[in-house]
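Q: I am new to this structure and would like to be walked through it. Could we take it one topic at a time?

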2 protein chains.
Amino acid sequence: MIWPAAMNEHRTIPTPTALIADMGARARAAAAIVSQASTAAKSAALQHAAKALRETRDTILSANKDDMTRGTANGLSPALLDRLKLDPERIEGIAGALESVASLPDPVGELIDSSTPPNGLELSRVRIPLGVIGIIYESRPNVTADAGALCLMAGNAAILRGGSEAIESSRAIHGCLVTGLRKAGLPEDAIQLVPTTDREAVGAMLRASGLIDIIVPRGGKGLVARVQDEARVPVLAHLDGICHTYVHAAAEPEMARSIAVNAKMRRTGICGAMETLLIDAQFPDAAALVAALIEAGCEVRGDEAVQALDNRVVVVAAEDWDTEYLEPIVSAAMVEGLDAALAHIAAHSSGHTDAIVTEDLDAATRFLATVDSAIVMHNASSQFADGGEFGLGAEIGISTGRLHARGPVALEGLTTYKWIARGKGNIRP
Amino acid sequence: MIWPAAMNEHRTIPTPTALIADMGARARAAAAIVSQASTAAKSAALQHAAKALRETRDTILSANKDDMTRGTANGLSPALLDRLKLDPERIEGIAGALESVASLPDPVGELIDSSTPPNGLELSRVRIPLGVIGIIYESRPNVTADAGALCLMAGNAAILRGGSEAIESSRAIHGCLVTGLRKAGLPEDAIQLVPTTDREAVGAMLRASGLIDIIVPRGGKGLVARVQDEARVPVLAHLDGICHTYVHAAAEPEMARSIAVNAKMRRTGICGAMETLLIDAQFPDAAALVAALIEAGCEVRGDEAVQALDNRVVVVAAEDWDTEYLEPIVSAAMVEGLDAALAHIAAHSSGHTDAIVTEDLDAATRFLATVDSAIVMHNASSQFADGGEFGLGAEIGISTGRLHARGPVALEGLTTYKWIARGKGNIRP
């Protein structure tokens, strides 16, 4: 069973399971090669891919037009159509992102630590690529380039499975990545795109234990929930971003307003957006805080104490505390002190990002130590929860899991390590 | 549904699933407390436990006698009975191991790295406990103490499920750990022992996603295979230790003999024991190497070229290359150069430990870089593959998985990290 390396053509496939098994085996072989590739070769592949994107811009736009036409006919929502749409500026953005990943420090080969135990061995732990990464995503065609680039730069092979809405756009972008790999002398199988839109292919990826080392879902809650539920391969993801901001009694009022409005309203659709505001009962400026949110265009759903602050506050329901709105809506509770805030967060946080606003360093220290989330913040907006903002150069996603990598994940999270022991004929007594 | 904290008594349990759900919830609550416990409190708990072991030695020996009597009646093999058996010396060994873990550096709170990106946030990554660890083990009663101690020292709660053969011994040892926790003022639920020997309790642990963060199986291949197969919780383990030693053309002959004999024969039953010897066709002293193994009492199963070296070599079968003997048996192949050795290892290694013996540094460097195993060695015996030998002070196990922790795993592997972002009112533009 032989398929061309660049998976840009339609063809008859025996079964999704056989397809993924074949792609996985070829990815594994490619991974063995790219794991040893030089930084220069990996960077060159991404720079050539960026060039190819610019040179084939019209082809990509035409492929995207096909997706848009089909999407419009299929009644995709305006929001989905906007995510799907490419224009010259967005293509330039994708090319620029490739160049940016190409310039990131290469994590492969990094010495993590070393030691010489009493047995005389020279021991070291060295960072190596993870292996084969499966990316399952929805309608954003840029993920094809972003995810493929990050996987490659960390020395991995990638199997990309984009949403059916964006399949033509993804194929055109994937073609540019393959061009880049070829021009840099790297195996084209290092970044493969699943050629079928059959949903069963996703199931086959999720069961591809031994072929795929980790799956990263990129998309809405429905996709992530399905992946987490069905996967027999480890998953790096977050299901929800139910982020809290706790305004402590000793918060500086103007700072509290500014952070709360930014955390909620800068962009309401991102996973780091605040969904619940906890106001300390001793915070002296609570009414102005709630008013600032409402005046910024936010619906505030409050408990009785918050309702008493402003008659524009609407009644909160029990399920609001566990709801990720991703809209200009916030749930708000009045809490009696730090312990009550910690208890609320322990009960309702999704483990993504939670923040405290206070001038009291002891309270901040206890909050930062106690809240068991991937990211904890003091006097900052939770909207900063992002790999780029954290200096990682990019991100493959944000993980709320506890194993391997937590919070924003970029190149380092796509690596593992090996132990190297150097002896001089050492035998164990 | 209330059960006493110390799970030393028999009682009626509704179902294994309800039992594990209750233990998991209590472990989660205990984990929140021990995650914040001081190094001194955790150390004190283990030192008190060691004292309790010595003070209740006769009780433990009597419990162990019950296990031994039942085991003998049930026809356990002499090897299993030996693993099960405790005597004053072994109890002293367990107590000493507790004290040794108590003196290890505390990983919790360790600063992994820090940075200040252009947005001005003071960012740091800080090591924190993993949460709730499930340990599933067989007949060695010392695992109760070793595993419980490592989990606690890394700030975690542990749910221990020992083999039915050792249940009375495990209960007695677990009682000492609970004494230690109580005397140190830590929650007794931080180290729980599953009170039933019902095998369904293992299944319930393996499905306890959200309650148990990671499962570590300690035991034979049957146990590990079942755990890896059924678990819906991440598993840290190795199924096989099919360790290779490649004697390169430029190996120093005496060193090669010494390493090969040690790697195979020092202890044949451990996972780091050599199972396959690869001899380079250009290695000038191959016959003496094979003879040294045979004269040390090892059965050598060789391919035709190895058979030609010594008439005591027996014929190797295809399945031998994928067999972990754990006995004085080795499979041996003659290979045509480094690339052939690398190909053999890529095809048959279990990813545990593989070694090269050579005086050629270029060959060694390529071997260490290319072999994709948790541990790679140069001029050393694979029997060193052990947390204690690697300076970790102890080990919860050796992982051949690629995620989170690889090779020998001790305290650091039982932790994760959180991101802490400190601002001065920073909002995201």
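Predicted model: local features only at pLDDT ≥ 70, side-chain atom pairs only at ≥ 80, totals over all residues.

Q: How many helices and strands has chain A?
A: Chain A has 14 helices and 16 strands. Its radius of gyration is 24 Å, close to the 22 Å that the globule rule gives for 429 residues, so chain A is as compact as a globular protein of that length.

Q: And what box do its C-alpha atoms fill?
A: Along the principal axes, the C-alpha atoms of chain A fill a box of roughly 70 × 70 × 35 Å.

Q: Now the contact: how many residues does it take from each chain?
A: Chain B contributes 67 residues and chain A contributes 66 residues. The area buried between the two chains is about 5400 Å², and carbon and sulfur atoms give 50% of that area.

Q: Which three residues of chain B supply more of its buried area than any other three?
A: They are B:Arg402, B:Trp419 and B:Arg428, which supply 16% of the area that chain B buries against chain A.

Q: What about polar links across the contact, how many are there?
A: Between chain B and chain A there are 52 residue pairs in polar contact, counting pairs with both residues at pLDDT 80 or more. The count of salt bridges between the two chains is 4. A salt bridge joins A:Arg428 to B:Glu389, with the closest N and O atoms 3.5 Å apart.

Q: Why would such side chains pair?
A: Side chains of opposite charge can pair when their charged atoms come close.

Q: Which elements of chain B touch chain A?
A: Several elements each supply at least two residues to that side of chain B, among them helix H9 (221–230), helix H10 (253–265) and strand E13 (375–380). Strand E16 of chain B gives the most, with 11 residues. By type, the residues on this side of chain B divide into 32 nonpolar, 19 polar and 16 charged.

Q: What is the order of strands in the open sheet?
A: The open sheet has 10 strands with mixed pairing, in the order E10(A)-E9(A)-E11(A)-E8(A)-E7(A)-E12(A)-E13(A)-E16(B)-E2(B)-E1(B). Strand E10 (314–315) of chain A and strand E1 (111–115) of chain B stand at the edges with a single partner strand each, so one side of each is left without a neighbour in the sheet.

Q: In which sense do E2(B) and E16(B) pair, parallel or antiparallel?
A: They pair in the antiparallel sense, over 8 bridges. B:Trp419 in E16(B) is the bridge partner of B:Arg125.

Q: Lastly, where is A:Asp106, and what does its side chain meet?
A: A:Asp106 is in the loop between helix H5 (88–102) and strand E1 (111–115) of chain A. Its side chain makes a polar contact of 2.7 Å with the side chain of A:Thr39, and another of 2.9 Å with the side chain of A:Lys42. Leaving aside neighbours within four places in sequence, A:Asp106 is in contact with A:Thr39, A:Lys42 and A:Met153.

Terms used
Residues numbered from 1 in each chain as written. Chains lettered and ligands numbered in written order. Heavy atoms only, no water. Contact = heavy atoms within 4.5 Å. Buried area = accessible area lost by both parts, 1.4 Å probe. Salt bridge = Lys/Arg side-chain N within 4 Å of Asp/Glu carboxyl O. Polar contact = N/O pair within 3.5 Å; in protein donor to acceptor, adjacent residues only side chain to side chain. Helix = DSSP H or I, 4+ residues; strand = E, 2+ residues; numbered from the N terminus. Nonpolar A, V, L, I, M, F, W, Y, C, P; charged D, E, K, R; others polar. Rg over C-alpha atoms; globule rule 2.2 N^0.38 Å. Pairing = 2+ DSSP bridges.
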